[in-house]
Amino acid sequence: MFPAVQVPPESLSFNNILTRERYGHLPTKILTGTTPQVGAKDSIWWRDILSIGRTADEDWFKSNVGCCVGDDNDIGFWKFKWFGNNSFGELYPNLYAKEAFKDVLISDRLSRNGTDTEWHWQWCEELSDNDAHHLRALKQLLLDCPFDQARSDRWRWVPDSVGLFTVKSCYSLLLQYSNTVVLESNVLDAIQKLWKNDVSSKVNIFGWRLLLEKLHTRAALHHRGILNNSHDISCIFCYMHMEDCSHLFFNCSFVKGVWETIYRWLGQSLPADLEGWNHFLSFGSLVKSKKGNQIRHLIWLATTWCLWKLRNNVVFNGALPDASKLVDDIKTFSWFWFRGRFGRKSSFSFSSYCMSSKHTIICFIL
Ligand SMILES: [Zn+2]
């Protein structure tokens with residue numbers, strides 16, 4: 001689609017056949033008109049394609065793609081902005097209204113014989129005198145249109161000076177559209193420490209969403225209007241409070257019992273009244289050595305990760321919450337994560353890791 005990628009003619013042809021048969025003219029669907037309707041039978045791929053750059057307020061992708069006319073086989077005559085900043089459909093709405101085929105391509109309206117060009121029109125009703133006047137003006141404009149028959153039609157990424165699409169330029173563009181959220185310094189500090197932990201990316205992302213309170217808890221779904229029954233938004237561990245991040249991970253009586261066991265295992269006392277980033281940073285401070293940055297919050301992440309998995313298992317599979325099994329899972333998960341990173345340096349076994357705080361990660365790296 002973009003000039004940076006050279007597509008062999010055979011593939012282009014194959015691609016055109018497939019997409020046009022199934023979905024119609026792809027550039028017209030994506031780059032022109034209003035938001036197209038998505039059918040119930042449309043594939044996920046097609047829904048993704050149509051949703052590119054479209055939000056409630058902006059249509060940033062479409063408005064940042066221009067076109068350069070070459071052999072005019074791919075650019076719609078009326079709907080595309082191929083000459084100036086407006087489409088001809090916008091410049092001449094009366095003519096466009098009488099066009100017989102609204103999605104007609106330039107190549108369908110233009111015939112060439114060497115340097116000579118001739119335009120062919122198809123109207124669905126007779127033109128008025130005023131329309132004829134507009135048509136003459138349009139033809140006059142078309143005399144100055146730049147055609148480069150030696151090249152195929154090509155798309156131009158407007159934000160880039162040479163028209164090439166890059167992820168970097170797209171990212172910079174999206175930053176301009178985004179509403180920058182200034183995080184509280186403590187939350188930012190916690191997130192920066194979170195990324196240093198050597199865990200899988202899915203666990204890091206989970207921790208990031210937890211620190212930002214962006215997980216899909218029942219309270220979050222309620223605020224979005226998805227869960228409206230008050231019985232559906234209570235904590236599935238205690239059924240006493242609304243399930244938000246604060247309660248689910250730190251304040252629920254069931255969860256506090258789990259944290260107490262984890263802290264006892266580490267030979268520490270559970271600090272009172274901490275939650276979120278405060279809880280995270282406090283846990284990390286148990287590790288004194290800078291060498292421990294990569295595993296500083298490993299057990300904290302294992303605990304919250306296993307809690308979230310258990311919560312989902314209860315909600316979606318009807319599992320029964322079992323605190324002792326949950327603690328076993330936390331020790332097992334953290335053990336495997338730890339062994340995967342520092343296994344060769346450690347000499348203690350899984351059983352000693354589970355049983356004695358003397359052999360925990362914290363003791364190891366002190
Ligand atoms: Zn609860």
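Helices (H or I, at least four residues) and strands (E, at least two) are DSSP runs, numbered from the N terminus. By this definition the protein has 19 helices and four strands. The model is a predicted one: local features need pLDDT of at least 70, side-chain atom pairs count only at pLDDT 80 or more, and totals for chains, interfaces and linings use all residues. Residues are numbered from 1 along each chain as its sequence is written.

Burial was assigned from C-beta atoms placed from the backbone: a residue is buried if 20 or more other C-beta atoms lie within 10 Å of its own, exposed if 12 or fewer, and partly exposed in between. Buried residues make up 21% of the 366 residues in the protein. Two residues are in contact if their C-beta atoms, placed from the backbone, lie within 7 Å. Among contacts with a separation of 6 or more, 62% join residues 24 or more positions apart.

Strand S1 (residues 65-68) contains Cys67. Cys67 counts as partly exposed because 19 other C-beta atoms lie within 10 Å. Neighbours within four places in sequence aside, Cys67 is in contact with Ile75, Phe80, Trp82, Asp153, Trp155 and Arg156. Asp153 is 86 residues from Cys67 in sequence, yet their C-alpha atoms are 7.3 Å apart.

Helix H11 (201-211) has three buried residues, Gly207, Leu210 and Leu211. These cover an arc of only 95° around the axis, so they lie on the same side of H11. The arc is that of the directions from the helix axis to the C-beta atoms. Ser201, Lys202 and Ile205 are exposed on the other side of H11. The buried residues of H11 pack against helix H10 (185-196), helix H13, helix H15 (276-284) and helix H16 (298-317).

Two packed helices are described by the angle between their axes and the distance between the axes. Axes are lines fitted to C-alpha atoms, for helices over the stretch in contact, and angles run from 0 to 180 degrees between N-to-C directions. Angles under 35 degrees count as roughly parallel, over 145 as roughly antiparallel, 65 to 115 as roughly perpendicular and the rest as oblique. The axes of H10 and H11 come within 10 Å and cross at roughly 170°. H10 and H11 are therefore roughly antiparallel. Val187, Ala190, Ile191, Leu194 and Trp195 of H10 make the contact with Asn204, Gly207, Trp208 and Leu211 of H11. By class, seven of these residues are nonpolar, two are polar and none is charged. Here Ala, Val, Leu, Ile, Met, Phe, Trp, Tyr, Cys and Pro count as nonpolar, Asp, Glu, Lys and Arg as charged, and the others, Gly among them, as polar.

H10 also packs against H15. Their axes come within 9 Å and cross at roughly 50°. This pair is therefore oblique. Asn186, Val187, Asp189, Ala190 and Lys193 in H10 meet Trp277, Phe280, Leu281 and Gly284 in H15. The contact of H10 with H15 has five nonpolar, two polar and two charged residues.

Two loop residues other than glycine have positive phi values. Glu213 lies in the loop between H11 and helix H12 (218-223). Its phi is near 55°. Glu213 is partly exposed because 16 C-beta neighbours lie inside 10 Å. Tyr239 lies in the loop between H12 and helix H13 (245-251). The phi of Tyr239 is about 55°. Tyr239 is exposed, with 9 other C-beta atoms within 10 Å.
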